[in-house]
Amino acid sequence: MTWSASAALRFVGGGVLVLAAAYGVSEAVDPVAPALQARVALFSERKPIVEAVAVGNSHGGVLEFPELGVQGMHFSAAGQDAFEAAYLARYAAERAPRLRYVLFATWYGVQWNDHAVPGSTDLRGRRRHLYVRTPLQGPIPGDLDLWFTGMLAPVVRDDHWRGVARRLLRPGAGIRLTADGRTIVPETPPLTPDSLRRHGAAVGAAHRALGEEIAARAPRTPARVAAALDALARDLRARNVALVLYTPPYHESYRATHDPAVLAETRAILERIVAEHPNAMWLDYYADPRFAARDDLFSNSDHLNRTGGRVFSRLLGACIRSARPRTGAPPETGGCPAAGAPVASARPHAPGAAAPTPSRTAAEEPQ
C-alpha cells in the first residue's frame with residue numbers, strides 16, 4: 001500500500017489531535033504532580049515579592065516565613081532529593097528579582113538519596129514530574145531520558161491513567177495551598193511517647209536501608225551531590241543570594257538509628273561547601289538540646305509540629321539575620337550552631353543488635 005502526501009499528513013494530524021485530546025483530559029481531570037503545578041502557578045504570581053524559598057525534603061515544610069521575617073515560598077516536598085532541591089532553587093533564583101535566601105533542608109544522609117537511581121521502589125516518576133512542571137529548565141546532568149519521558153507524562157502516565165479514571169468516578173477537592181505555598185493537610189493528633197519512639201525506630205531504619213541501597217547501586221552519589229551543591233552555591237553567589245543549608249532538630253528516637261560514618265560524611269561535605277563558598281552557611285540543629293527531648297514539639301520522630309516549627313523558625317531567622325555581613329557566615333555565639341560542631345546523641349545500634357527493618361515504601365523514604 002502506498003500513501004499519498006496528503007494521506008500521511010492527515011494521519012500525522014490525527015495522531016497529534018488524539019495526543020492533544022489525551023493531554024487535555026489528563027490535565028483537566030487529574031493533572032500530573034498537582035501540588036508542584038499549584039506551587040509553580042502561585043510562585044509565578046508572587047515572584048516579584050519573594051525574598052526566600054524553602055527547598056529540600058518535607059522537613060522544610062515546618063518553616064514559618066513570618067517568624068523568619070521574610071516573604072517566602074515553599075518548594076519543599078516529601079522525599080525531595082538534593083538534585084531536585086538544587087534544581088528548584090535555581091528555578092526560583094532565575095525568576096524572583098528580590099530573592100535573598102535559599103533555605104535548603106539538608107538532613108544527615110542527604111548524600112545518599114537520588115531518585116534517578118532505581119531501587120526496590122522506583123521513584124523516578126518524581127523526577128519526571130519535576131520536569132513536566134518546569135519545562136523550560138534543562139535537565140539535571142544524567143537525566144536526559146527522565147526529562148524526555150517527563151515531557152510525555154501528561155499522556156504517558158506513571159499510573160497508566162488509573163488516576164484519571166478514579167477522578168472521573170469520584171471527583172476530588174484538589175490541592176489547596178497556603179499563601180506561601182505550603183500544602184494544606186488535616187492536622188494529625190500527636191503521637192504518644194511510646195508511639196513516637198516506635199516511629200523513630202521504624203522510620204529511621206527504613207531511611208538507613210534506603211541509603212544503603214543507593215550506596216550499593218550508585219556509589220558515586222555523594223560526589224554528585226557535593227558537585228550539585230557546589231554548582232548551586234556558585235550560581236546563587238552570582239545573583240547575590242545566600243545559600244542557607246540547615247539541618248532541623250530530630251527526636252532522639254530517630255537519631256538513635258543513624259550510622260556515625262554517614263554523619264561524619266555529611267558533615268565533611270557540608271563543611272567544605274561552607275568553607276569554599278562565602279555566600280553559604282550551615283546551621284545544624286540536629287541534636288539541639290532545646291528540642292532533643294521535647295516530645296511536645298514533634299509531630300513524629302523526624303518532623304516538628306506547628307508549635308515546634310514556629311520555635312525553630314524564630315531561632316533560624318535570628319541566626320540568619322545576625323550572620324556576618326558579606327560573607328554570610330553564621331555567628332558562633334547567641335545560640336547559633338557552628339558548622340562542624342560535634343553531633344551529640346547519635347546512638348547507633350549496639351553491635352549485633354538488629355534494627356527494625358520494615359519494608360520500604362514511598363511513604364517511608366526520607367521526608
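Predicted model: local features only at pLDDT ≥ 70, side-chain atom pairs only at ≥ 80, totals over all residues.
Local features require a pLDDT of at least 70 and side-chain atom pairs a pLDDT of 80 or more, whereas totals for chains use all residues. Residues are numbered from 1 along each chain, and side-chain values rest on heavy atoms, with hydrogens and water left out.

The chain contains 12 helices and 7 strands, taken as DSSP runs (helices H or I, at least four residues; strands E, at least two) and numbered from the N terminus. Of its 367 residues, 48% are buried, that is, under 20% relative accessible area with a 1.4 Å probe. The accessible surface, computed by the Shrake-Rupley method with a 1.4 Å probe, is about 17,200 Å², and carbon and sulfur atoms contribute 60% of this area. Among contacts (heavy atoms within 4.5 Å) with a separation of 6 or more, 77% link residues 24 or more positions apart.

Helices α4 (residues 82-93) and α9 (residues 221-238) have axes, lines fitted to C-alpha atoms over the stretch in contact, that come within 10 Å and cross at roughly 10°. The two helices are therefore roughly parallel, a term for angles under 35 degrees. Their contact residues comprise 10 nonpolar, no polar and 3 charged; Asp, Glu, Lys and Arg count as charged, and Ala, Val, Leu and Phe are among those counted as nonpolar.

Aspartate 288 lies in the loop between β5 (280-284) and β6 (298-300).

Key. Axes fitted to C-alpha atoms, helices over the stretch in contact; angles between N-to-C directions. Parallel < 35°, antiparallel > 145°, perpendicular 65-115°, else oblique. Buried < 20%, exposed > 50% of the residue type's maximum accessible area, 1.4 Å probe, protein only.
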